[in-house]
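Okay, thanks for having me, everyone.

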Amino acid sequence: MKLIMSIVNSDDARPLLEVLSRKGYRATMVSTTGGFLREGNSTVLIGVEDELVPTVLDLIKENCHTRKQFVNPLPPIMEPGELYMPSPIEVQVGGATVFVLDVERFERF
Ligand code: 2BA
Ligand code: 2BA
């Protein structure tokens, strides 16, 4: 068994959960925060048999979309009197960042 840990945009998480449960997969959604943008995202945990991993990855790919976002970079360390004009930089936020982990043991009590 594997645990698919997928960090997705919060707007994509609910449609993804709907598709997964309609197709009979079980999942858990956790509200998380991106370390770089410091904005909310969602982490969807899906425990599945090994052979189902590619199918679930396809569902994630189909339902999670790449977005462009602008961020203000952290200001540099400045000398007194220096002027800093922040210019936002564009970052591409992936549709999903996915980790597939081996599950040593799975129980339901
Ligand atoms: P359980 O299977 O006991 O699951 C309880 C909660 O544990 C689930 O809440 C989910 O958050 C998590 N969970 C269970 N299996 C998981 C897995 N393989 N990967 C990740 N997280 C897992 P809910 O999703 O709200 O489900 C509540 C109950 O509804 C489930 O109890 C199960 O009896 C039923 N259920 C869930 N998904 C289903 C589905 N796709 N088809 C039919 N019944 C489903
Ligand atoms: P954030 O950390 O808020 O990052 C949002 C986007 O900003 C990233 O998109 C990436 O394009 C950019 N970015 C992040 N860290 C950066 C850095 N140190 N320098 C320059 N640009 C940076 P994605 O790579 O698609 O990641 C989307 C979200 O997935 C991330 O949100 C984070 O929550 C999670 N994530 C991505 N890679 C991860 C990893 N290796 N471990 C844990 N979480 C990860």
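So, T97: a polar atom in its side chain sits 3.4 Å from an oxygen atom of ligand 2. Keep in mind that we're looking at a predicted model here. How much of ligand 2 does the protein bury? On its own, ligand 2 exposes 750 Å², and 52% of that gets buried by the protein.

Who else is around ligand 2? The residues there include I7, L37, N41, Q92 and F99. If you sort the shell by type, you get 6 nonpolar residues, 6 polar ones and no charged ones. Strand 5, residues 89–93, and strand 6, residues 96–102, each put in at least two residues, and strand 5 gives the most, with 3.

Now over to ligand 1. Which side chains have an N or O atom by one of its oxygen atoms? One is T28, at 2.7 Å, and another is R108, at 2.6 Å. There's also S21, where a backbone N or O atom lies 3.2 Å from a nitrogen atom of the ligand. Ligand 1 taken alone exposes 750 Å², of which the protein buries 48%.

The shell around ligand 1 splits into 4 nonpolar, 4 polar and 2 charged residues. Strand 3, residues 40–48, supplies the largest share of that shell, 3 residues. Among the residues around this ligand are Y25, L45, I46 and G47.

As a general point, nonpolar side chains tend to be buried together in soluble globular proteins.

Take I60 as an example. Leaving out residues up to four places away in sequence, I60 touches I4, S6, L16, I46, A96 and V98.

Last stop: R38. You'll find R38 in the loop between strand 2 (28–33) and strand 3. R38 isn't a glycine, yet its phi is positive, about 55°. Is R38 buried or exposed? R38 is exposed, because its relative accessible area is 64%, and the cut-off for exposed is over 50%.

Definitions and conventions:
Residues numbered from 1 in each chain as written. Chains lettered and ligands numbered in written order. Predicted model: local features only at pLDDT ≥ 70, side-chain atom pairs only at ≥ 80, totals over all residues. Heavy atoms only, no water. Near = heavy atom within 4 Å. Polar contact = N/O pair within 3.5 Å; in protein donor to acceptor, adjacent residues only side chain to side chain. Areas by Shrake-Rupley, 256 points an atom, 1.4 Å probe, with all protein chains shown as cover. Helix = DSSP H or I, 4+ residues; strand = E, 2+ residues; numbered from the N terminus. Nonpolar A, V, L, I, M, F, W, Y, C, P; charged D, E, K, R; others polar. Contact = heavy atoms within 4.5 Å. Buried < 20%, exposed > 50% of the residue type's maximum accessible area, 1.4 Å probe, protein only.
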